[in-house]
Amino acid sequence: MRALIFPGQGSQAVGMAKGLAEEFPQAKAVLDEVDDALSQPLSRLMAEGPVEALTLTANAQPALMAASLAALRVLEAERGLDLARDVSCVAGHSLGEYAALAAAGSLSIADAARLLRLRGEAMQAAVAPGVGAMAALIGTDVEAARGIAEAASLESGGAVCDVANDNGGGQVVLSGDRAAVERAVGIATERGVKRAVMLNVSAPFHCRLMAPAADAMAAALAKVDLKAPRVTLYANVTAAPVAEPETIRAALVEQVTGTVRWRESVAAMAGAGVDQFYELGAGKVLTGLVKRIAPQARATAIGTPADVAAFAL
């Protein structure tokens with residue numbers, strides 16, 4: 001059984017989808033559609049940079065979705081992939097959930113691009129620069145990380161420190177007020193966590209401080225046509241299948257402030273019989289995580305013409 005998975009922020013790189021767009025008209029059509037939806041030549045920024053502009057949250061989010069859908073359209077055209085016939089389920093990491101929904105026919109590519117542009121802008125605006133922070137804990141589990149976050153919040157006078165991502169493979173990300181997150185790094189070290197590092201991010205994503213962004217997304221999603229996905233979608237906030245459009249809408253709003261339960265999502269898909277995971281778009285971050293979470297499964301990244309050529313049903 002196959003699953004298609006879609007990467008989140010941090011996987012962006014100058015040149016992503018460039019080879020696909022140059023070689024396959026289906027990929028170029030996706031990038032053109034995103035450019036039109038945003039009234040911006042985002043595809044040129046993806047191809048040429050500068051990296052500083054591509055990394056801006058409001059650009060990175062729709063760009064990563066565009067690269068993922070470009071890869072999917074090429075697989076469909078060149079390798080005969082039929083989503084409904086050949087794929088059991090889809091899932092995406094954070095913003096990747098929008099790419100998964102577009103892949104599954106729940107969202108149009110244009111709507112996904114516009115929603116991700118708004119999501120990026122709203123998440124950036126939710127917290128003033130320097131107020132929030134994120135940190136990665138390496139070599140621990142989510143229960144221990146939650147205890148560290150709670151202790152850091154207590155020692156910081158009730159400042160926010162939440163579990164943002166349970167990525168799997170012993171990697172958990174914390175997010176919240178800078179003072180609390182910095183304290184969490186210290187507590188993690190004291191408690192013997194292998195590695196605890198502050199992350200170079202522009203905002204504290206997936207924590208309670210993102211509530212204004214969740215409100216903005218609730219208003220935007222209420223105006224968008226959402227269809228039931230053609231294949232099973234595993235949602236970040238439940239690590240379980242969601243099918244009803246209104247349930248998906250609510251999950252996308254909750255996702256802004258909630259934990260990305262990636263470890264549980266991959267484990268649930270593997271438990272349901274998925275033994276092949278294909279990461280579509282930029283980078284190989286999720287491929288590496290899958291290999292740690294479900295080592296019995298095969299994980300492959302597809303983002304270049306060579307990757308497409310190597311794909312076989």
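Student: Ground rules before we start?

Tutor: This is a predicted model, where local features need pLDDT of at least 70, side-chain atom pairs count only at pLDDT 80 or more, and totals for chains, interfaces and linings use all residues. Residues are numbered from 1 along each chain as its sequence is written, and side-chain values use heavy atoms, with hydrogens and water left out.

Student: How much space lies in the largest pocket?

Tutor: About 610 Å³. A pocket here is an open set of points on a 1 Å grid over the protein atoms alone, where a 1.4 Å probe fits, with protein on both sides within 12 Å along at least five of seven lines. The volume is the space filled by probe spheres set on the points.

Student: How does the lining divide by residue type?

Tutor: 10 nonpolar, 16 polar and no charged. Gly counts as polar in this scheme.

Student: Switching topic. How many disulfides?

Tutor: The count is 0, taking a disulfide as a pair of cysteine sulfur atoms within 2.5 Å.

Student: Is Cys-161 buried or exposed?

Tutor: Buried, because its relative accessibility is 6%. Cys-207 is buried too, at 0%. Buried means under 20% relative accessible area, exposed over 50%, partly exposed in between (1.4 Å probe, protein chains only).

Student: What about Leu-154, buried or exposed?

Tutor: Exposed, at 72%. Leu-154 lies in helix α9 (residues 142–155). From Val-30 it is 124 residues away in sequence and 48 Å in space, C-alpha to C-alpha.

Student: Last one. How many aromatic pairs?

Tutor: The count is 1. The ring centres of Tyr-278 and Phe-311 are 5.1 Å apart and the planes are at 75°, so the pair is edge-to-face. Rings of Phe, Tyr and Trp (its six-membered ring) pair if their centres lie within 6.5 Å; planes under 30 degrees apart are stacked, over 60 edge-to-face, the rest tilted.

Student: What does the pair tie together?

Tutor: Strand β9 (residues 276–280), which holds Tyr-278, and the segment after α15 (305–310), which holds Phe-311; these parts are 33 residues apart in sequence. Both Tyr-278 and Phe-311 are buried.

Key:
1 Å grid on protein atoms, 1.4 Å probe; cavity = no way out; pocket = protein on both sides within 12 Å on 5 of 7 lines; lining within 4 Å. Helix = DSSP H or I, 4+ residues; strand = E, 2+ residues; numbered from the N terminus.
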